[in-house]
Amino acid sequence: MADLCRDLLEKLPEVDGESREASPAALTETTREQTDAATEASTPEPVYPLLTPALVAAWSATSLESHTGRPEVGPWLRGWVEEEIQTTVVFRNDLPPAAMPQKDRAAFFDAARPQMVERLELPRQRVLDWLGKRVGRVAKNAELSKELASTPVLEVLDGSGTPAQSWTLDTLKSEIDAGRRSALPRLLAGATAVVHTGLGGLDATGLLDERWDDRALDVLAAGLAPEQLPLRVGRIPDPEKELEAGWSRLVQLPSKMVADEVTEWLVVEKFRDATPNEDARSTAKRKQKLDEHQDWAHDEAHRITSSLGLPLQIASLVETAAALHDEGKRASRWQRAFRAPKDAAYAKTVGPVNIHLLGGYRHELGSLPYAQRSEALKNLSPDDRDLVLHLIAAHHGFARPLIRGDGCEDAPPSVVEERVRAVALRFYAQQERWGPWGLAYLEMLVRAADQRASARLEE
């Protein structure tokens, strides 16, 4: 098979006598011209399960944490192939303390998501075997056991990156000793195991070795240049200390308290225009007023739709959504949580974000009443008006079909609940109108305009 592949690749067009062009166009053309050779050099195409509209509709409901009619997408992408269940391992110096509330843990890992450079993907059984042997060795080491006694040593993030469960050294040992009753095999399937570096077990080549007692490497703390890895996590005693040039704080969470006073903070910081999560786009190296940001987003949307040659009516709807997408940031709750100055409404601040003040508030939901009162929507047809409102609600990936109503203080709870319900119904109506890929495409245009406006501020 290797020889057949090499022979086929040698039929690609030459570039300079030493290299060959392997662009999609060149590969497609060579495959068309060398049909028999390409067939012999390719593995047999696997069997794929039937793709139905109901499945596509279930997968498109991306803001639902669970869905009984939404299977794993793998077989539809790769076909029915035999492969071992995988687990990703990440090592970190700083894990949230055991007493930290679940919503704070989720906010921490949303901001400090595992980066590609620190991910080690392995068969789940290899990870389970390694954990069992490694925990056994550490439990017999009095010095290591003492160091890890008061901190979580393992945090499992599910496939969406949400914290599922954490263990200290003692509770992890008990979990492993439970054998077949252990929940670990189920939790680690397709998940990410964030392991405390003190547990060790990572050798000098970056591979798992249960005999390796030295502290494991934390890539985020390895001293890489900010341009290579624009994210860092750490613990600090004073959150008011000024940051170095180019850095801004995404999240700061209390990690240690003495007599009801916070003595240590767990922080996540980003460098310049890095955007590890959606809220990161609202923090920048300098402040920007809301009106200016939305004007820029409108300009970027116009630039994008013009370059794509979209029909004027569709382009106008996308541009209108971009011009109104962040109106919900006018809410005093959002302004306080993002530490905005009080002279005007701001869309970008230097942070850090106080997620407790934010209280789960989604500014996209808060933008809808402003948009509905806007002159720009008054002359639109009901369907076009609903599309603009959906694009505003969905520009951070929510509202498909659900968006949280927490922290929304501009109306009584019953009115907010009805607004959330309308968001869900609007999503399904617009998906019926535009199709799942068409609606996602239009959402992407607004999202791209927002991101380009944010990047423009950093530049």
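Me: What share of the contacts in the protein with a separation of 6 or more comes from residues 24 or more positions apart?

Reply: Such residues account for 70% of those contacts, where contact means heavy atoms within 4.5 Å. Please keep in mind that this is a predicted model, in which local features need pLDDT of at least 70 and side-chain atom pairs count only at pLDDT 80 or more, while totals for chains, interfaces and linings use all residues. Residues are numbered from 1 along each chain as its sequence is written, and side-chain values use heavy atoms, with hydrogens and water left out.

Me: How many helices and strands does the protein have?

Reply: There are 19 helices and 10 strands; these are DSSP runs numbered from the N terminus, with helices being H or I of at least four residues and strands E of at least two. The C-alpha atoms fill a box of roughly 75 × 70 × 45 Å along the principal axes, and 46% of the 459 residues count as buried, meaning under 20% relative accessible area with a 1.4 Å probe and protein chains only.

Me: Now the sheet: in what order do the 5 strands of the open sheet come?

Reply: The order is 2-1-5-3-4, with mixed pairing, and two strands are taken to pair if DSSP finds at least two bridges between them. Strand 2 (120–123) and strand 4 (163–168) stand at the edges with a single partner strand each, so one side of each has no neighbour in the sheet. From one strand to the next, the twist averages 25°.

Me: And strand 5, how many of its residues are buried?

Reply: In strand 5 (residues 192–196), 5 of the 5 residues are buried, so the strand is largely enclosed by the rest of the structure. Thr192, Val194 and His196 point one way, whereas Ala193 and Val195 point the other way.

Me: Which way does strand 1 run against strand 5, parallel or antiparallel?

Reply: Strand 1 (residues 86–92) and strand 5 run parallel and are joined by 5 bridges, with threonine 88 standing opposite threonine 192. Strand 3 (residues 152–157), by contrast, pairs with strand 5 in the antiparallel sense over 4 bridges; there, leucine 154 has valine 195 as its bridge partner, and valine 156 has alanine 193.

Me: What lies across strand 3, strand 4 and strand 5?

Reply: That is helix 6 (residues 102–111), which runs at about 105° to strand 4. Angles here run from 0 to 180 degrees between N-to-C directions, and axes are lines fitted to C-alpha atoms, for helices over the stretch in contact.

Me: Changing topic, at what angle do helix 12 and helix 19 pack?

Reply: Helix 12 (residues 312–324) and helix 19 (residues 436–458) pack at about 45°, with their axes 9 Å apart. That makes helix 12 oblique to helix 19, because angles under 35 degrees count as roughly parallel, over 145 as roughly antiparallel, 65 to 115 as roughly perpendicular and the rest as oblique. The contact is made by Ile314, Val318, Ala321 and Ala322 of helix 12 and by Leu442, Leu445, Val446 and Ala449 of helix 19.

Me: And how does helix 11 cross helix 12?

Reply: The axes of helix 11 (residues 290–308) and helix 12 come within 7 Å and cross at roughly 160°, which makes helix 11 roughly antiparallel to helix 12. Residues making this contact include His298 and His302 of helix 11 and Val318 and Glu319 of helix 12.

Key:
Buried means under 20% relative accessible area, exposed over 50%, partly exposed in between (1.4 Å probe, protein chains only).
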